[in-house]
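Have the structure open as you read.

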Amino acid sequence: MAEQGVKDTPEQAQFRQQARAWLAENTPGEPPVRMPLTPLEIMTEDQLHYLQAWQKAAYDAGLIGCDYPVEVGGGGRANCQRIANEEMMAAGTPFLPNVIGLGMAAPTVFYHGQEELKRRLLPRLFSGEDIWCQGFSEPGAGSDLANVQTFAERKGDKWVINGHKVWTSLAHFAEWMILLLRTDKSVKHDGLSYFVVPIRPALGKGVTVRPLIKMTGETGFNEVIFEDLEVEDSYRLDELGKGWQVAMTTLLHERGAGDLVTPRSGGMQTRSAHITSARTLVALSRQTWRNGAPACEDPIIRDRMMQQVIREEGMAANQRRSRVTALQDHPMRLALQNKLLMSEIAQDTAAIAMEIEGAAASLYLADDAAPAGGQWPMSYMNSFGFTIAAGTSEVQRNILGERVLGMAKSK
Amino acid sequence: MAQPDDFGFGEEAALLKESARKLFSEHFSAGTLHALVAGDPDPNRAPQVQWDMELWQQMVDLGWTLLAVPEAQGGVGMPLVGVAGLVEEAGRAAFPCPLLSTLSASYILAAAGAGGEAALADIAGGATAALVISNEHGSWTGAETSVSGEGDSLQGTGYFVQDAGKVSHLLVCASAESGPALYWLPVDTDGVTVAQDAIVDLTRDQAHISFDGAAARRVCTDAASALSEAMPAIWTLYAADMVGAGEWQLQTTVEYVNQRQQFDKPLGFFQAVKHPLVNVMVMIDQAKSLVYNAACAVDCEVEKAARYAHMAQASASDMAAFASSRSVQMHGGIGFTWECYVHLFFKRQKHTEMLWGDAVWHRARLAELLIDNAA
């Protein structure tokens, strides 16, 4: 619920003041078109352009890439992205459309790319001018990611790529893709390599993007087919056969456990949509009539809402504690829980919201009588995207059990 | 008032926590605990007060009992975050001693104003104390006390008194002419009868205490205010105790499932074992973070202290229940025996889980603060 006031360093305090002043003047008004719940459901060019314009403005104001060096288009500051994020959230800004670029591609390119590549790619990534997508999962490689079969064959100083990627969010708008593929079929993990690939210029010329439809009825993610696509060797990150290690950098950041804080504004939601938080549940329970009284008076509903309040506060307190070395026994123990907690808490919050709504939870987007515009059932369905993507909750629990608690590896 | 990002958990607090962990790991293993308290498995055994007074005296000499006494009364006046770190370690060892009770009494006395100063000075001088604030239903709101005070004399019986057999003094809530008041007296005062309860938990002692005209010093005439001001600190510390005990349960159970083989694999290989233990860890971490969150609020943002202490207690109580059930279950047959140490912590956790309101109770209070009082 309420954010606790936490003390800033002098640099952070000054930066926060600047950010706040800029946001007071420049936070955009209501969007001209209806916005999706998250960047992963951007369906139209109108939605994209509105959000890209916002990202560009925020980047130009120094609110994105704050902790990256100036040479690669960053702000050259220390621990200021978190401050920018807090201020953008507080100002109720729209979200940043280039989520995969900011959260996954940027840290990966930064840690594993050649200097020239970083300088060329990162500024347009931060500004949102280039949208990025991620080519990891395949029909036969989900939780068992190292089973990736998309293959790159060497041809002179180029590579020829063939294969099939799935669940590729934002591919329909993406200029670039981070791509995990195989360069050696004789070994599993050590046969993987990692590329950045310009896919937009290759549409219809070796790259096909086909939309997949989610259980909510929305599009936003895709399958991507590579047929004899030629890619230069200079687009390779790190050494041949090191793809798995590079992918770990990507996944660590995707799961909120990396050392570079991902730029965020507006959280997972826009302000025009509702926010999936316990605070919203309480507001909903005040407005919803249940058993002849407001739902906020029902002791069971109250208990369930407070459980969510406590879990959310606990997650925030975890993040705070993860910065206090003396209060941790294992350096990755808290960081590796982020993705699991965030996705499962959001899922339960949406489920409780539907319980509060009762029969009215049956009403979907096109029904004028739907509470909150029918967005809670949609949020609930979408929440499974988060407990499945980026390593399912089951995979997350394996990782925690094995890496933190030292239990034997489950196959 | 802003809170420090690190909860105010500074070098001094880190040193105290680390030295406590070292002291317990060197001098008080679970095996030592078992030998000390689990000599007699008979469920009909008479209640006994079993503890290591010599080791406890070392802790008193280290100044642990006066950490929460303000400097003006001769104490250390340590912030609650630091005290919570110590209590977490004491909980990890399940060390039987009146540390929690004495710290709790200190917070109530400090909230009692000028009248509490002499009693605080007693604690600074080495006194230890138990709280006599609950009635026969386990309720501790001053208004419902089952002890009455007339002038300087106490009458009636107080219940669920923790560590009664290990302390020198009692802090009593009794109804007086002007409403519930707080009294302070040595436990060996004439007219005081300590009757030990036969409890499940072997690591604590608990009693009901009868007063028959016992002479006591009145320290405060508004017990209800002092109690409600001090309870967030007390809840936070009991939650810290559960977190420490939970860490022991997790570590011990993980070690067991890593070593025990079935179907030619260590038990931890199987996800039916691995995943619940990860869930225990996740719950411990939530509770632990919320403990330091609450402690920092008590130290730096007192208007939010009750809210965050309810969160810490609710989280720690649920965790204690789950960690306890999984620690026995994952140990299999051996976990169900008296000789395996896990039952000691299982019993301690179940005791603490209920003591100052269980998770549902704390969430109900939290709902009052966040829903009813915050339109």
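## Where the two chains meet

Arg302(A), Asp303(A), Met306(A), Gln307(A) and Val309(A) sit in H8(A), and they meet Val360(B), Arg363(B), Leu366(B), Ala367(B), Leu370(B) and Ile371(B) of H11(B). By class, that contact of H8(A) with H11(B) has seven nonpolar, one polar and three charged residues. Keep in mind that this is a predicted model.

Two packed helices are described by the angle between their axes and the distance between the axes. For H8 of chain A (residues 299-321) and H11(B), the angle is about 85° and the axes are 9 Å apart. That makes H8(A) roughly perpendicular to H11(B), because angles of 65 to 115 degrees fall in that class.

H8(A) also packs on H9(B): their axes come within 10 Å and cross at roughly 100°. So H8(A) is roughly perpendicular to H9(B) as well. Here Ile310(A), Glu313(A) and Gly314(A) in H8(A) meet Met311(B), Ala314(B) and Ser315(B) in H9(B). This contact of H8(A) with H9(B) divides into three nonpolar, two polar and one charged.

Zooming out, the contact between the chains takes 38 residues from chain B and 36 residues from chain A. On the chain B side, the elements that give two or more residues are helix H1 (11-27), helix H7 (223-259), strand S10 (265-266), helix H8 (271-300), helix H9 (305-335) and helix H11 (359-372). H8(B) gives the most to that side, with 13 residues. In the side of chain B that touches chain A, you'll find 22 nonpolar, nine polar and seven charged residues.

## Domains from the record

| UniProt feature (unreviewed entry) | Residues | Helix and strand in the model | Distance between end C-alpha atoms |
|---|---|---|---|
| Acyl-CoA dehydrogenase/oxidase N-terminal | 9-129 of chain A | 59% helix, 0% strand | 32 Å |
| Acyl-CoA oxidase/dehydrogenase middle | 133-228 of chain A | 0% helix, 46% strand | 20 Å |
| Acyl-CoA dehydrogenase/oxidase C-terminal | 239-368 of chain B | 82% helix, 3% strand | 21 Å |

## The nonpolar cores

Which residues touch the most other members of the largest nonpolar core? In this core of 172 residues, they are Leu182(B) and Val291(B). H7(B) gives the most to the core, with 20 residues.

Leaving aside its neighbours within four places in sequence, Leu182(B) is in contact with Ile108(B), Ala112(B), Leu171(B), Val172(B), Cys173(B), Val219(B), Cys220(B), Ala223(B) and Ala226(B). There is also a second, separate core of 64 residues, which includes Ile100(A), Trp132(A), Phe136(A) and Val207(A).

Now for Phe15(A), which lies in helix H1 of chain A (residues 10-26). Why does Phe15(A) count as buried? Phe15(A) has 24 C-beta neighbours inside 10 Å, and the cut-off for buried is 20 or more. Apart from its neighbours within four places in sequence, Phe15(A) is in contact with Arg77(A), Cys80(A) and Ile83(A). Phe15(A) and Ile83(A) are 68 residues apart along the chain, yet their C-alpha atoms are separated by 7.7 Å.

Ile83(A) belongs to helix H3 of chain A (residues 81-91), where Gln81(A), Ile83(A), Ala84(A), Asn85(A), Glu87(A) and Met88(A) are buried. H1 of chain A is part of what covers those buried residues of H3(A). Just after H3(A), Gly92(A) takes a positive phi of about 70°.

Most residues other than glycine have a negative phi. Asn79(A), in the loop between helix H2 (45-60) and H3 of chain A, has a positive phi near 55°. With 15 other C-beta atoms within 10 Å, Asn79(A) is partly exposed.

In chain B, Phe7(B) also has a positive phi, near 65°. Phe7(B) lies in the segment before H1 of chain B. Is Phe7(B) buried or exposed? Phe7(B) is buried, with 32 other C-beta atoms within 10 Å.

Technical notes. Residues are numbered from 1 along each chain as its sequence is written. Chains are lettered from A and ligands numbered from 1 in the order in which they are written. This is a predicted model: local features need pLDDT of at least 70, side-chain atom pairs count only at pLDDT 80 or more; totals for chains, interfaces and linings use all residues. Two residues are in contact if their C-beta atoms, placed from the backbone, lie within 7 Å. Helices (H or I, at least four residues) and strands (E, at least two) are DSSP runs, numbered from the N terminus. Ala, Val, Leu, Ile, Met, Phe, Trp, Tyr, Cys and Pro count as nonpolar, Asp, Glu, Lys and Arg as charged, and the others, Gly among them, as polar. Axes are lines fitted to C-alpha atoms, for helices over the stretch in contact, and angles run from 0 to 180 degrees between N-to-C directions. Angles under 35 degrees count as roughly parallel, over 145 as roughly antiparallel, 65 to 115 as roughly perpendicular and the rest as oblique. UniProt positions are given in the numbering used here, feature names are shortened, and annotations may be inferred rather than shown by experiment. A nonpolar core is a set of buried Ala, Val, Leu, Ile, Met, Phe, Trp, Tyr and Cys residues joined through C-beta atoms within 7 Å. A residue is buried if 20 or more other C-beta atoms lie within 10 Å of its own, exposed if 12 or fewer, and partly exposed in between; C-beta atoms are placed from the backbone.
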